[in-house]
Amino acid sequence: MSSSQPFQASSPLFGDDTRRKKSRFTYKQLAQLALSSVSCPLRVVAHVDLDAFYAQCEMVRLGVAEDQPLAVQQWQSLIAVNYAARKFGLNRHVTITEAKKNCPTIICQHVATWKEGDEKWAYHDDAYKNIATHKVSLDPYRLESRRILACIKESLPVNLQKIERASVDEFFMDLSAQVHSIILDRYPELSGPAPYDDPTEQLPLPPTTALDWQADALVDLDTEETEDDDPDWDDVAILIGSEIIRQVRAAVREKLKYTCSGGIAQNKMLAKLGSAHKKPNQQTVVRNRAVQQFLSDFKFTKIRGLGGKLGEQIASSFNTDSVKDLLVVSAEHLKQKLGDDTGRWVYQTIRGNDSSEVNSRTQIKSMLSAKSFRPSINTQEQAIRWLRIFVSDIYSRLVEEGVLENKRRPKTMNLHHRQGGQTRSRQAPIPLGKKIDEAGLFELAKTLLGQIILDGRVWPCANLSLSVGGFEDGIAGNMGIGAFLVKAEEAKALSTGERPSDIPEIRQSRPEKRRRIEQSMGIGRFFKTGSIEEYDGEFGAQCLSGIDTSPAEIDTPTAGDEERTISSKLSRQNKASNTQEHVAELGNISALTQRHITDFICDRCKIGLKSADDLLSHQDWHFAKDLMDEERAQSSVSRPNASSQKMSTGGSSKKKAGRASKPEKGQSKLAFG
């Protein structure tokens with residue numbers, strides 16, 4: 001990234017000017033910047049906030065001009081007003097009638113809705129008239145939010161980005177690692193080791209005495225600071241952060257037509273306050289030397305975490321809602337009034353200290369879709385139609401959360417039903433062992449509704465809400481037995497982690513409980529239940545049974561049973577000492593069959609097969625067996641020594657007990673003395 005000012009040569013680290021001042025920061029703290037440490041005083045965090053996001057989404061979708069007043073309508077209320085409409089004194093608290101009276105040219109666009117009986121949300125012109133049969137959908141805004149997040153990620157280096165989506169229209173970015181990389185690129189003298197190899201040595205001061213902040217809104221410095229003071233490395237770091245955010249905002253503007261405001265500071269709290277300081281389409285820089293000046297004009301209830309009941313408690317305890325007035329209160333007094341932990345946290349927060357981390361993955365705990373009915377609904381059919389909408393709504397969000405890729409999945413479903421003043425709830429686990437799909441969720445929701453209906457007196461219903469929760473990370477990377485039941489070239493692709501373009505994707509699926517087998521193929525042909533019982537698992541007999549027997553109705557084993565059976569049979573087959581023993585078992589079949597089999601001989605075990613397909617399947621069996629032997633060998637190497645010692649001990653005891661026994665066949669007893 002190019003600098004905002006011409007590069008000036010840095011002064012040498014070890015010059016003759018012993019009077020040169022040093023930086024307040026050390027080489028150790030510079031190294032912490034590369035690690036995005038929350039305790040690093042050079043840390044750079046940014047917050048990007050979309051301007052009137054819902055209104056902008058509708059402006060972009062409809063293609064209206066930026067100076068066209070527009071508001072987003074939900075039933076008879078406004079939930080978003082663009083900046084062109086705000087010039088007419090409009091806000092979210094005015095009615096539709098007032099908005100059109102004060103601004104006759106305003107466009108009032110109703111949000112998308114789910115219509116009763118439909119399976120997809122849409123924009124309906126008459127939605128505001130049909131609150132009883134429509135439900136609000138925010139999916140269009142979630143989809144745009146995902147596009148904006150993707151654009152932000154494209155604007156930052158892949159290996160250095162750390163982004164948190166705080167809500168549908170705001171994003172945090174920890175820019176520390178990227179800033180560190182740019183600092184070393186612009187000031188290469190900092191790349192070397194610290195003087196005397198001491199990381200606590202102070203850095204030299206930056207070689208520039210003035211920084212170009214371009215069009216940024218720069219917060220005034222604290223009273224004891226002046227702009228005449230030379231900048232330090234924290235100023236340089238935040239300057240580079242402001243350049244990065246300016247480029248990010250420009251990319252979102254150019255590619256997606258959205259404007260956003262930014263805040264750049266040392267931590268998340270200050271960055272968020274900064275992004276709201278100058279709107280729309282601007283960015284504010286809060287330097288470390290300007291924190292107290294910046295916060296002193298705020299009401300502490302505007303700070304994240306200090307609103308709500310805690311803010312009310314502080315205001316009533318100290319008779320003020322101003323940060324400036326609260327700064328004079330001692331830490332001990334705050335602890336006395338609010339408790340040790342809360343008092344300590346408030347003391348640090350109003351001074352601009354925040355050690356919260358930028359989380360690249362914000363974990364969702366639950367998802368809810370609900371509807372209050374006016375008028376109430378009175379039949380099960382109506383309730384089921386709404387359950388269909390709830391499930392579709394939730395499933396679309398689950399897809400966004402990664403349920404299709406098995407990244408995360410909910411464990412439980414809850415249905416709440418309100419009739420009069422009584423609320424009933426039912427909960428059920430979401431079945432494990434298979435991927436979550438919309439049809440399965442819908443069936444589970446109907447089951448819960450049926451349980452509530454059995455209680456009686458459920459109509460009329462005033463409210464229904466469906467939720468899923470208990471999210472957990474999915475399990476990925478496990479390979480089932482199905483990976484071995486493939487052709488040779490497919491198995492090779494699996495073992496190397498590559499998939500040729502002409503080989504279809506292998507999907508594991510649970511077969512039906514019972515099925516008619518017309519022609520057994522693959523490794524399963526050698527392990528039929530009837531064959532195993534009749535021929536004691538011998539390989540040649542299994543081959544013959546696969547040729548001669550008629551179609552049979554068999555129970556399909558589960559994956560675990562099948563794997564155990566295959567392992568058992570493979571171990572039995574390994575006991576065969578030579579090929580002739582298997583070939584001898586072919587003597588009872590007819591000459592015609594014999595001649596047909598011997599046309600296709602396995603070059604590894606010399607067994608004759610009936611057809612080319614049988615030979616190919618037989619070769620696949622050899623390949624699968626080789627893979628299993630290889631895995632077994634690898635697992636045996638990694639076993640702890642204790643197990644091998646235990647086995648050897650047990651073996652020795654058996655040997656002692658068996659010394660007096662008769663010699664086995666083919667052995668002779670040696671005479672001593």
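So, how many bridges join strand β3 to β4? Four, and the two strands, with β3 at residues 70-74, run antiparallel. Strands here are DSSP runs of E, at least two residues, and helices are runs of H or I, at least four, numbered from the N terminus. Two strands pair if DSSP finds at least two bridges between them.

Quick housekeeping: this is a predicted model, so local features need pLDDT of at least 70 and side-chain atom pairs count only at pLDDT 80 or more, while totals for chains, interfaces and linings use all residues. Residues are numbered from 1 along each chain as its sequence is written, and side-chain values use heavy atoms, with hydrogens and water left out.

Back to the sheet. Q74 has S77 of β4 as its bridge partner. The sheet is open, three strands in the order β4-β3-β5, with mixed pairing. Its edge strands, each pairing on one side only, are β4 (77-81) and β5 (107-110). On average, neighbouring strands are turned by 35 degrees against each other, direction ignored.

Helix α2, residues 53-62, packs on this sheet and touches β3, β4 and β5; contact means heavy atoms within 4.5 Å. The direction of α2 makes about 110 degrees with that of β3. Axes are lines fitted to C-alpha atoms, for helices over the stretch in contact, and angles run from 0 to 180 degrees between N-to-C directions.

Now the helix pair. α5 (139-154) and α14 (380-401) pack at about 5 degrees, axes 11 Å apart. They are therefore roughly parallel to each other, a label for angles under 35 degrees. From α5, D139, R142 and R146 meet D393, S396, R397 and E400 in α14. By class, that contact has six charged residues, one polar and no nonpolar. Asp, Glu, Lys and Arg count as charged; Ala, Val, Leu, Ile, Met, Phe, Trp, Tyr, Cys and Pro as nonpolar; the others, Gly among them, as polar.

Definitions and conventions
Angles under 35 degrees count as roughly parallel, over 145 as roughly antiparallel, 65 to 115 as roughly perpendicular and the rest as oblique.
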